[in-house]
Amino acid sequence: MIPQKNRFSEVNDWDEPEEEVYRVLSKEEMAVLRKSNALNHPPLSPWKILAAQVVITVLSMVIWSVFGGPVGESLYSQSAFLGGLISVLPSALFLIKLELAKKTQILNPGNYLAALVSGEFIKIVVTLMLFVGIAYLVPGVLWVPLLVTYVLALKCVWLAWFWR
């Protein structure tokens, strides 16, 4: 016996698309929805993340100073400072670029997206320039404290999940 198509069912449920029902909300309902979401998920300022990067950099400098002399004089803490600087400075430039884009007269998604992409490009270029500049211009830099502090400062963004 040869099996036939749709032998067991007359209607194939996969072929019929289901209509999705959309309900239009009024202004009052939308305001209530926004207010309830604002309480559940408050917006987090990127400047707080930048401040956390500065705090992590200072803590890393203090911890790395255990291996050397005082905080300002130790090559370990200076290298940790440079690692934090490589993380904080490009992030600050990126945030300034986005803040300037928000304050333009014509704010549309295309202009904001262009500011986002160009700000990210600036961030990458400045980061690379800082790494290359430190490698060539700072004699005796210790790369382990520099890279550890750089990675720790970058990972401050992950802390934002716990601040909500």
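User: What share of the contacts in the chain with a separation of 6 or more comes from residues 24 or more positions apart?

Analyst: This is a predicted model, in which local features need pLDDT of at least 70 and side-chain atom pairs count only at pLDDT 80 or more, while totals for chains, interfaces and linings use all residues. Residues are numbered from 1 along each chain as its sequence is written, and side-chain values use heavy atoms, with hydrogens and water left out. If contact is taken to mean heavy atoms within 4.5 Å, then among the contacts in the chain with a separation of 6 or more, the share from residues 24 or more positions apart is 65%.

User: In what order do the elements of the chain run from the N terminus on?

Analyst: Helices (H or I, at least four residues) and strands (E, at least two) are DSSP runs, numbered from the N terminus. The chain has six helices and zero strands, and from the N terminus on its elements run α-α-α-α-α-α.

User: Is Q53 buried or exposed?

Analyst: Q53 has its place in helix 2, which covers residues 46-64. Buried means under 20% relative accessible area, exposed over 50% and partly exposed in between (1.4 Å probe, protein chains only), and 25% of the 164 residues of the chain count as buried. With a relative accessible area of 3%, Q53 is therefore buried.

User: Which residues is Q53 in contact with, leaving aside its neighbours within four places in sequence?

Analyst: The C-alpha atom of Q53 is separated by 8.0 Å from that of L152, although these two residues are 99 residues apart along the chain. Once the neighbours within four places in sequence are left aside, the residues in contact with Q53 are S87, V88, S91, A153, L154 and C156.

User: How are helix 2 and helix 3 oriented to each other?

Analyst: Axes are lines fitted to C-alpha atoms, for helices over the stretch in contact, and angles run from 0 to 180 degrees between N-to-C directions. Angles under 35 degrees count as roughly parallel, over 145 as roughly antiparallel, 65 to 115 as roughly perpendicular and the rest as oblique. Helix 2 and helix 3 pack at an angle of about 175°, with their axes 8 Å apart, so the two helices are roughly antiparallel.
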